[in-house]
Amino acid sequence: MARPAATRLLDSSTPRLLDSDNRAFHILTLGCSKNRVDSDGMDHLLRMRGMTAVERPEDARVVIVNTCGFLGAARDESVAAISELLDRRQEDQVVIAAGCMPALGDYRNDIPAGVDHVLTTREWYRIGDVVGGLLGEAIEPEVAGCEGMLTSFSRAQSGPSAYVKVADGCDHACAFCTIPSIKGGQISKRPLHVLQEIVDLVNQGTKEIVLVAQDTIRYGADLGIKHGLPSLLQQIVEGVPNLPWLRMLYIYPSPLTLRMVDVMAEHDALLPYLDMPIQHADTTVLRNMNRPSNIDMTRRLIDHARAKMPDVVMRTTLIVGYPGETDAQFQTLLEFVEEQEFDHVGVFTYSPEPGTKAVTLDLPAVPAEVAEARRNAIMEAQQGISLRKNQALVGQRLQILIEAVGEAEDEAGNTEPIAVGRARRHAPEVDGLVFVPGALPAGSLIELEIAEAGPYDLWAHPPGETAARAHRRAVAAGGRRRRVSAVRSRGATRPERRGQGARAPMATLAGTEPTGRA
C-alpha cells in the first residue's frame, strides 16, 4: 500500500554515520499495485545479493523510492518523498529514484538533484547490479528467469493476499493516458513463470492471488496465445488446486471478456468479481477519449457476466470533467451508473497530462469546480446503491479472509481487539473491509454472518456468536462498534488513487497493518 508523501520518512534525530559494512536496504513504494509487484521483485534481487531489508530508511545503506508518474499529484508526491529523503540522508547513504516517473522524459528532470541513480520502471530488474556498482561490488550474472521487466521471482515473505503481474505495458491509445509512454507496448509473462510465482506464494500461505496488468484481458496476445487470459486461468486452477481465491483486475471492456466470464463461471476459486473500467457512458465522450464507444456492447458484456454468475460483483472506474463534457453528457453517465447499479465505483476528475492527445483536443475545458461537483453527484448516487447492496447482505454468511488485527476504541478510551478482513466481493486496497470483534489469525478464511452494513464496509459477528448475543454485546460495549463506523465515515471524502470516494486509511484503527503489503 502506498505511503502518502506526508509520512515522515526518517526520524528527526541528528544524522549518524552508517556502518560501512551495512548492506541493508529500504524500498518506499508509491502508486499502484503494479509498482508494488516491481518493488517485490527488487526486494528479491537485492536479497539474492545478500542484502537485508529493513523497515526504517534511516537504518538502510540503500534507500529506493519506487515512484509513480501517472498523474501530476502522484509526481508531486514522488518528488516530495525523494526530497525529504535527500534532506535527511545520512553520510554514505545511497538514494535511488526508480519507477514510472523516471520513464517520463518530460519529468525526469524534476527528480531532485542529489540522487545517486535513476532507474526507470522498464529497468527495475537491473537493481542488483546498480546497487552493487554504487557499493563497489562486482557485477553478477542475471538471475534465472530474467526477462527484462517481466523477470520472475520469489517473495521473501508473503501475506494473505498477493499481486502477480502477468503483463506490462499497453497497446491501447487512450487519449488521456500516459501509460504507453511510461511502459511501452504490452508484453506478457510466460504462463509457466506465472504459475511458478503463484505456487511459491501459495506454499508460503497466501490465500488470494490478484492478477494485474495494464490490460489484463489481452494477456498472451503478444505471445500468440489464443484466448490467453481464459487459458491462463484454466492452467492456474488446474495447476494450483489449493489456491482458494483468484481475482483479476483491470479488465478492458472487450468481447474477449465473454470467454473469460465463461471460464470464471466454471470454477469456485475464480472469484465472481469483474473490474471493468468503462470511464464514461456517453458515445461522443468515449470517442474523444479513444475508448470503446459502443455502450450497448458494454451493456451486453455486463449482462453476460450477470447471467453466467448471478452473484458477480461489478467494479468500474469513471472520469468526469473530460474536455468538452456537457451537462447532458454527464447526465448520460449518471443515469448509466444508476441503471447498472455497480457494486463498487471509483470516480476521477480529469487531469490534463502533457504529452497526451487529450490536452490537444480543440474542446472547451470543464471548470474544476464543475468537474468536482459531477464527481460528488456520482459518488452520492453510488453510495445509495452500495448501501442497499450491502444491507442486503446482513444475515448472510460470507467467507472472510482475515488480513490484520487492530484495536477499536470507544469514546471513553477503552479498547478491544478487532480483526479486519475482506469478503470475496472486496478487492484489496480499493473496496470495502469487513470488521470482526476479537482477534482472529491473519491469513485465515472464515465463514461469518454479516451483522451490520454501511455504504462501503461490513461488520460481522464473531465466530459462534448469534445475532441476539451480538446485540447484547453491542449494548454492553456502549459505542464501541459505532466508534469504528464513525472512524470510517470520517474518511468519506478522501479520494483514493482509483477514485474511491469513501475509504478511511487503515491507520485510523490503532495497530492495524495489512500483512504482506507495504
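**Words and their cut-offs**

Guide: Let's begin with Glu429, in the loop between β15 (415-423) and β16. Helices (H or I, at least four residues) and strands (E, at least two) are DSSP runs, numbered from the N terminus. This is a predicted model, where local features need pLDDT of at least 70, side-chain atom pairs count only at pLDDT 80 or more, and totals for chains, interfaces and linings use all residues. Residues are numbered from 1 along each chain as its sequence is written, and side-chain values use heavy atoms, leaving out hydrogens and water.

Visitor: Why does Glu429 count as partly exposed?

Guide: Buried means under 20% relative accessible area and exposed means over 50%, with partly exposed in between (1.4 Å probe, protein chains only). Glu429 has 22% relative accessibility, so it falls in the middle class. Its backbone is worth a look too: phi is positive, about 75°, although Glu429 is not a glycine.

Visitor: What about Gln279: buried or exposed?

Guide: Buried, because its relative accessible area is 9%, under the 20% limit. Gln279 is in the loop between β11 and α9 (283-289), and it too is a non-glycine residue with a positive phi, of about 70°. A glycine case is Gly136, which follows α4 and has a positive phi near 75°.

Visitor: What makes β11 an edge strand?

Guide: The open sheet has three strands in the order β11-β12-β13, with parallel pairing. β11 (273-275) and β13 (344-349) each pair on one side only, which makes them the edges. Neighbouring strands here are turned by 15° against each other on average, direction ignored. Axes are lines fitted to C-alpha atoms, for helices over the stretch in contact, and angles run from 0 to 180 degrees between N-to-C directions. Helix α12 (residues 368-391) lies across β12 and β13, at about 175° to β13.

Visitor: Which strands form the closed barrel?

Guide: Five strands run β14-β15-β16-β18-β17, with mixed pairing. Their neighbours are turned by 45° on average, direction ignored.

Visitor: What kind of pair do Phe435 and Trp459 make?

Guide: A stacked one, because their planes stand at 25° and their centres are 5.7 Å apart. Phe435 is in β16 (residues 434-437) and Trp459 in β18 (residues 458-460); both are buried.

Visitor: Where does the charged end of Lys34 sit?

Guide: Over the ring of Tyr250, 3.4 Å from its centre. The rule asks for NZ of Lys or CZ of Arg within 6 Å of the ring centre and within 35 degrees of the ring normal. Arg247 does likewise over Tyr273, with its charged end 4.7 Å from the ring centre.

Visitor: How do you know on which side of α8 the buried residues are?

Guide: In α8 (residues 256-264), they are Thr257, Met260, Val261, Val263 and Met264. They cover an arc of only 160° around the axis, so they lie on the same side of α8; the arc is that of the directions from the helix axis to the C-beta atoms. These residues pack against α7 (228-239), β10 (245-248), β11 and α10 (295-308), where contact means heavy atoms within 4.5 Å.

Key. Pairing = 2+ DSSP bridges. Phe/Tyr/Trp six-rings, centres within 6.5 Å; stacked < 30°, edge-to-face > 60°.
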